[in-house]
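Okay, everyone, thanks for coming.

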Amino acid sequence: MALHTLGCRLNQYETEAIREQFVSRGFRVVPFTAPADVYVVNTCTVTNQADARARQSLRRAVRTAWRRPGATVVATGCYAQTHPGQLLEIEGVDLVLGNVEKGDLVEHVLRERGHLNPVSRVTRRAEMTRFDERLDVSTFENRTRAMLKIQDGCDQFCSFCIIPWARGRHRSLPPGAVLRQARSLIDKGYAEIVLTGVHLGEYGSDLTAPVPLNSVIRRILEETALPRLRLSSIWPTAVDQDLIDLLKAHAPRLCRYLHLAVQHGDDGLLKAMRRTYSAGQAGDVIGRLDDAVPNICIGADIMVGFPGETDASFQRMYDWLDRLPFAYFHVFTYSKRDHTRAARMPDQVPAPVARERSRLLRTLSDRKSAAYNSRFRGRTLPVLVEDESEGPPGRHRPPGGDSRNGRDGGAWRGMTGRTDHGLRVWFDDDAAQAGRMNTFAEVEVVTTDAEGASGRLSEPAAIP
């Protein structure tokens, strides 16, 4: 069988769970472009572009499936959840399954294979009331870090967002189960775990005995020997003094890295988006983080082109982003989504204007990244080694030339990994062998730019 994932960390996590389901039933996983008995596309619907990529991936699967008589093509994920009819219309798609159906996807495939007509099975949002532990993941293929999904769904209904319809109601994995899964992943040798969810900061508020996110973070740090714990995207409102104190006390085990779902820097637009904070409140959080945790990497999701975004409101956001200590932005262009308030708002921003604003912010992000990364020049940092890698031509080449093929400005072979700040580091390693992967190495940073850093191996690092 073959798998293809689009979208967020949750989809990546759930694709791993689906892979494990198939392997446990005797299937062998092959590349998505290879002949297979079953093709599964785990779709995303956060933007129009995501929908288009999903349809494109499904059509590619159908074309490949024709080489294997009797092959089954399955669409699942958020696009399948919100618009199953659109995917059923793609000739050659056999089965459309919602997000809940991922939990027993193999059973659906085995039961429905051979049906003459396409079939759709999608659980309604109102029925998504419990965290689905059938999607636990025990191993991550070709990864040194493990994701641990502890929260799903969202009840916020921001005016631009389709995800509450796609992911269902807010629900959390009980803390005891979080600890059991974390210990299992640690026992399998993972050196870093990333806690993830749709609305991670709301973790535990739905449980019979509410438990805050910080409590689970503290228990993992105090009750396990995990070398690194990282948080995925959270709202600025989730960053309270307790979390700041945890970051300060437990760095680098609790990674000095936060990705904030900020969205905008103009109060009028934040209100129209139905966000629950002002630019000033978000800026205060960022300032306190920067003061308390030296060299913390602070990133943000930023949206351009939201309805009503004027030149003036965009400029206010640009200036706000410029003066705050961000290390980077993920810039998104607003995409009109069915079932959302923003789709019905006046003053939709023309696409060329939104594209230009996106370009300006990406340029600003590159400048911010280059400045942040330059802080580490001349320092020796513990790097969790991820992979043998080919460095970008002429960039991140190990200093002093490379023993393999970098002297002429071409690509070189070395190792790559990340610091707890999320800084990607390329370094020369004459051993350059798989045995170094998923271990810590001390690397002296020599050069940096907006993409990351290059350096020279100092020595293997003790687990921080």
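So, pLDDT is the predictor's own confidence in each residue, on a scale from 0 to 100. We need that here, since what you're looking at is a predicted model. The protein chain averages a pLDDT of 91, and 92% of the residues score at least 70. The stretch to watch is residues 399-409, where pLDDT is below 50. That stretch does have 28 contacts in the model beyond near neighbours in sequence, but where pLDDT is low, the predicted coordinates should not be read in detail.

Now the inside. The largest nonpolar core has 81 residues, and Ile-217 and Leu-361 touch the most other members. The top contributor is helix 11, residues 279-292, which puts in 6 residues.

Last stop, helix 7. It runs over residues 175-187, so to speak, 13 residues in all, and it reaches 18 Å from first C-alpha to last, close to the 18 Å expected. Which of its residues are buried? Pro-175, Ala-177, Val-178, Leu-179, Gln-181, Ala-182 and Leu-185. And what covers them? The cover includes helix 1 (9-24), strand 6 (145-149), strand 9 (192-196) and helix 8 (213-223). Just after helix 7, Gly-189 takes a positive phi of about 100°.

That's my tour, thanks.

Technical notes. Residues numbered from 1 in each chain as written. Predicted model: local features only at pLDDT ≥ 70, side-chain atom pairs only at ≥ 80, totals over all residues. Heavy atoms only, no water. Core = buried A, V, L, I, M, F, W, Y, C linked by side-chain atoms within 4.5 Å. Buried < 20%, exposed > 50% of the residue type's maximum accessible area, 1.4 Å probe, protein only. Helix = DSSP H or I, 4+ residues; strand = E, 2+ residues; numbered from the N terminus. Expected span 1.5 Å × (residues − 1). Contact = heavy atoms within 4.5 Å.
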